[in-house]
Amino acid sequence: MGFRFPSIVQAKQLIQRPFSSSKEVPKGYLAVYVGENKMKRFVIPLSILNQQSFQELLSQAEEEFGFDHPMGALTIPCPEDAFIDLISRLNA
């Protein structure tokens, strides 16, 4: 038996939109890779970039990865659950 938290489910649906191509990102969105060991690709709204807590997360990612991203997109080294939680709070 599992529990479903509506805000987390909605956040996952918002940031994990399916696209016909793995490189396709709609206007107004940004592709990011999130994870500590295994990276997962998320597509997030550009409006999140202005949020203070997301900017702090980006600063931490810059310290660890710099600006050279081997995945071809922004890489954020944090647990996937923490990232989804942050995005859901920013979209609330």
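User: Contact means heavy atoms within 4.5 Å. With that in hand, what percentage of the chain's contacts between residues at least 6 apart in sequence join residues at least 24 apart?

Analyst: Among the contacts between residues at least 6 apart in sequence, 55% join residues at least 24 apart. This is a predicted model, in which local features need pLDDT of at least 70 and side-chain atom pairs count only at pLDDT 80 or more, while totals for chains, interfaces and linings use all residues. Residues are numbered from 1 along each chain as its sequence is written, and side-chain values use heavy atoms, with hydrogens and water left out.

User: ok, how many helices and strands does the chain have, and in what order do the elements run?

Analyst: The chain has 3 helices and 3 strands, which from the N terminus on run α-β-β-α-β-α. Both kinds of element are DSSP runs numbered from the N terminus, with helices (H or I) needing at least four residues and strands (E) at least two.

User: And the sheet, what's the strand order?

Analyst: The order is β2-β1-β3 in an open sheet of 3 strands with mixed pairing, where two strands pair if DSSP finds at least two bridges between them. β2 and β3 (74-76) stand at the edges with a single partner strand each, so one side of each has no neighbour in the sheet. On average, neighbouring strands are turned by 40° against each other, direction ignored; the axes behind such angles are lines fitted to C-alpha atoms, for helices over the stretch in contact, and angles run from 0 to 180 degrees between N-to-C directions.

User: In which sense do β1 and β2 pair, and over how many bridges?

Analyst: They pair in the antiparallel sense over 6 bridges, and one of the bridge partners is K40 in β2, which pairs with V34. The two strands form a hairpin with 5 residues between them, and G35 in the turn has a positive phi of about 150°.

User: Switching to A31: buried or exposed?

Analyst: A31, which is found in strand β1, counts as buried because its relative accessibility is 12%. The scale calls a residue buried under 20% relative accessible area, exposed over 50% and partly exposed in between, with a 1.4 Å probe and protein chains only. Not counting residues up to four places away in sequence, A31 touches V25, R41, F42, V43, A73 and L74. Its C-alpha atom is 6.7 Å from that of R41, 10 residues apart along the chain, and 9.0 Å from that of P45, 14 residues apart along the chain.

User: What does I76 touch?

Analyst: Leaving aside neighbours within four places in sequence, I76 is in contact with V32, Y33, V34, G35, F54, L57, L58, A61 and F83. I76 is also named with F54 and F83 as having the most contacts inside the largest nonpolar core, a set of 14 residues. Such a core consists of buried Ala, Val, Leu, Ile, Met, Phe, Trp, Tyr and Cys residues joined through side-chain atoms within 4.5 Å.

User: Which element gives the most to this core?

Analyst: That is α3, with 5 residues. The buried residues of α3 are F83, I84, L86, I87, S88 and L90, and the helix lies across β1, β2 and β3, running at about 10° to β2. As a length check, its 12 residues (80-91) should span 16 Å at 1.5 Å a residue, and the end C-alpha atoms are 17 Å apart, which agrees; the expected span is 1.5 Å times one less than the number of residues.

User: How many aromatic pairs does a search of the whole structure find?

Analyst: The search finds 2, where rings of Phe, Tyr and Trp (its six-membered ring) pair if their centres lie within 6.5 Å, and planes under 30 degrees apart count as stacked, over 60 as edge-to-face and the rest as tilted. F42 and F83 have ring centres 5.2 Å apart and planes at 50°, so that pair is tilted. F42 lies in strand β2 (residues 40-45) and F83 in helix α3, so the pair ties together parts that are 41 residues apart in sequence. Both F42 and F83 are buried, and ring pairs link F42, F54 and F83 into a cluster.
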